[in-house]
Amino acid sequence: MPNQSLNSPKADILVIDDTPENLNLLSAMLTQQGYKVRSVTKGSTGLRGANAVPPDLILLDINMPEMNGYQVCEHLKANDRTREIPVIFISALDEVLDKVKAFAVGGVDYITKPLQLEEVLARIENHLMIWKLQKQLQVQNERLQQEISDRAKAEEKFAKAFRSSPNPIAIATVSEGRFIDVNPSFLRMSGYCLEEVIGHTASELDLSKDKEALTQTIQLLPNTESLYNLEFEFYTKSLEVKIILLSIELIDLAGVQCALLIANDITERKRLENEFISLVSHELRTPLTSTMGALDLLAAAQLGTLTEQGQKILRIATTNTERLIRLVNDILDLERMKFGKIFMRKVKCNAADVLTMATEEMQAMADKLQVKLIVHPLAIELWADPDRLVQTLTNLLSNAIKFSKPGDTVWISATLTEHNSIELGKNEHSLTKDTLLPNCLFTIQDQGRGIPKDKLQMIFERFQQVDASDSRNKGGTGLGLAICRNIVQQHDGKIWVESILGEGSTFYVLLPLTAS
Ligand code: ADP
């Protein structure tokens with residue numbers, strides 16, 4: 001390759017000519033122009049030199065004894081090491097130059113003697129440039145071929161994993177949420193055949209409990225980025241309900257934004273888990289209640305007076321037993337709600353009353369932890385179960401207070417709003433139908449420790465806490481938000497949280513004003 005640096009030659013040129021005067025002339029001229037020149041007088045020597053150290057260009061005389069220029073060129077072109085080297089033929093004016101033959105044996109050009117300095121240089125530079133560009137093109141071509149082959153291999157791997165994965169997998173367009181491919185596991189889980197799924201949306205197939213939820217989640221993917229382990233109730237073709245954990249990734253398929261959905265069917269695991277939890281809770285409730293009764297008796301000093309140390313231990317035992325009772329009650333409460341055994345007693349109630357009741361209930365806790373409560377009530381009528389609504393707001397307030405520092409403020413307010421769930425999108429946990437009807441939006445804002453982005457949805461699931469020590473240190477059960485979500489959903493509402501780590505969190509509860 002020509003080297004443009006000051007000290008190294010521009011290019012390595014081999015001149016093969018049996019006339020020493022010609023050789024000297026060319027050699028002197030090219031050396032002066034910064035080229036490295038090797039000159040030989042015999043074709044065979046030139047071939048050996050070219051094979052040993054391939055030059056960047058060869059100037060080749062046609063009329064030579066032993067082996068003429070055409071023959072030398074044929075040898076060069078037959079050898080892999082020298083095939084690509086550009087060859088320029090030199091012929092004397094009085095010689096008959098067979099131009100067709102010169103090109104046929106692989107020459108790129110020819111010059112005639114007497115040699116014109118400018119012409120020789122121009123042609124050499126020209127061909128060196130062409131050769132350089134050809135080489136670049138070749139390298140680029142090889143790189144592209146490699147990329148294509150790598151990509152084909154990756155696609156083949158993906159296709160194999162897609163087809164044989166035990167996990168149901170689907171690919172849908174982000175723009176419309178239409179399925180463009182699903183794997184055999186997906187078909188087995190859903191009960192549909194390929195033709196029934198391809199080209200349709202999850203909403204058209206009624207794949208989730210809330211008709212629009214899955215399609216909306218797919219369409220919101222560019223905002224939410226990847227989503228991991230979302231719990232979904234999935235409806236099969238025969239209307240069987242499956243609980244799936246869904247992970248969604250944004251992928252690019254030939255320039256089209258698509259969602260890659262990977263599901264994990266946890267129906268059986270959930271059933272066993274629920275059975276176990278409810279069994280344990282039922283079994284625990286009676287002994288816990290009697291333990292509490294015994295502790296009350298001890299505390300009332302009806303069985304004798306305890307020492308100060310004894311009273312201290314009794315207080316610890318009472319606090320822990322109360323916590324266990326709360327946990328068991330919460331589990332049973334949630335279970336009853338899930339199976340529709342708790343009916344919301346919806347009546348006309350006032351948002352301001354509900355807000356005031358919840359705040360009054362939490363005032364003592366706020367005072368104790370030195371957290372200021374600021375309330376902005378709104379006198380507006382709602383169709384809701386006031387007790388359950390107070391339970392929801394109390395739980396959100398209790399979390400806001402317990403995750404605040406002394407001196408912080410917690411704001412609780414209600415506003416009238418018209419909302420569209422698409423706009424709420426980003427961190428919303430429960431997606432329901434779009435609605436532009438007037439809603440009441442309750443907002444509970446704190447200046448506490450905040451919640452990491454990847455936990456914003458998870459904390460609404462049972463027993464999910466940001467920090468495993470939260471239940472111990474803050475006295476929670478990890479069930480409060482799951483209960484809140486259940487109550488809100490039974491009011492056809494939505495609950496979600498936005499948060500900045502270290503700056504605070506805002507929980508939103510959006511409720512329709514009237515019954516749907
Ligand atoms: P818990 O009984 O543990 O409070 P919840 O279901 O009410 O259970 O809350 C689940 C978890 O969510 C909490 O343990 C905590 O990690 C996190 N969390 C809830 N509210 C807040 C908040 N306002 N600020 C920071 N973290 C919160």
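A nonpolar core is a set of buried Ala, Val, Leu, Ile, Met, Phe, Trp, Tyr and Cys residues joined through side-chain atoms within 4.5 Å. I wrote that down before opening the model, which is a predicted one.

**Entry 1: the cores**

I looked for the largest nonpolar core and found that it has 38 residues. Inside it, the residues with the most contacts are L382, L396, L397, C440, F442, I444 and F507. I then checked which elements build this core. At least two residues each come from α12, β13 (381-384), α13, β14 (409-418), β15 (438-445), α16, β16 (494-500) and β17 (504-512). Helix α13 gives the largest share, seven residues. Apart from this core I found another, of 27 residues, which includes A172, L187, L214 and F232. I noted beside this that, in soluble globular proteins, nonpolar side chains tend to be buried together.

**Entry 2: the domains**

I looked up how the chain is divided. Domain 1 covers 12-137, domain 2 covers 165-265, domain 3 covers 273-338 and domain 4 covers 347-512. Between the C-alpha centres of domain 1 and domain 2 I read a distance of 66 Å.

**Entry 3: α13 against α12**

I went back to α13 and took its contact with α12. Helix α12 spans residues 351-368 and helix α13 spans residues 386-402. Their axes come within 9 Å and cross at roughly 35°. The crossing of α12 past α13 is right-handed. From α12 the contact uses V354, L355, M357, A358, T359, E361, M362, M365 and A366. From α13 it uses L389, V390, L393, T394, L397, S398, I401 and K402. Sorted by class, I have twelve nonpolar, three polar and two charged residues in this contact.

Setting aside neighbours within four places in sequence, L397 is in contact with A358, T359, M362, L373, V410, I412 and I444.

**Entry 4: α13 against α16**

How do α13 and α16 pack? The angle is about 145° and the axes are 9 Å apart, with α16 running over residues 480-490. Helix α13 passes α16 in a left-handed crossing. On the α13 side I listed R388, Q391, T392, N395, L396 and N399. On the α16 side I listed G480, L481, I483, C484, I487 and V488. This contact divides into six nonpolar residues, five polar and one charged.

**Entry 5: backbone checks**

The peptide bond from K113 to P114 is cis, with omega near -5°. P114 sits in the loop between β5 (109-113) and α5 (117-164).

A254 is not a glycine, yet its phi is positive, about 50°. I placed A254 in the loop between β9 (241-253) and β10 (256-265). Is A254 buried or exposed? A254 counts as exposed because its relative accessibility is 82%, and exposed means over 50%.

D492 also has a positive phi, near 60°, and is a residue other than glycine. D492 is in the loop between α16 and β16. Its relative accessibility is 41%, so D492 counts as partly exposed.

A170 lies in strand β6, residues 169-173. I put A170 down as buried because its relative accessibility is 1%, and the limit for buried is under 20%. Beyond its neighbours within four places in sequence, A170 is in contact with F179, D181, V182, F186, A259, L260 and L261. A170 and I180 are ten residues apart in sequence, and their C-alpha atoms are 7.8 Å apart.

E176 is in the loop between β6 and β7 (179-182). With a relative accessible area of 43%, E176 is partly exposed. Not counting residues up to four places away in sequence, E176 touches T201, T215 and Q219. For E176 and Q219 I read 6.9 Å, C-alpha to C-alpha, across 43 residues of sequence.

V375 is in strand β12, residues 372-376. V375 is partly exposed, at 29% relative accessible area. Not counting residues up to four places away in sequence, V375 touches L355, T359 and I412. I also took the distance from V375 to K42: they are 333 residues apart in sequence and 103 Å apart in space, C-alpha to C-alpha.

Definitions and conventions
Residues numbered from 1 in each chain as written. Predicted model: local features only at pLDDT ≥ 70, side-chain atom pairs only at ≥ 80, totals over all residues. Heavy atoms only, no water. Domains from an automatic or database assignment. Axes fitted to C-alpha atoms, helices over the stretch in contact; angles between N-to-C directions. Helix = DSSP H or I, 4+ residues; strand = E, 2+ residues; numbered from the N terminus. Left-handed = near helix turned anticlockwise from the far one by under 90°. Contact = heavy atoms within 4.5 Å. Nonpolar A, V, L, I, M, F, W, Y, C, P; charged D, E, K, R; others polar. Buried < 20%, exposed > 50% of the residue type's maximum accessible area, 1.4 Å probe, protein only.
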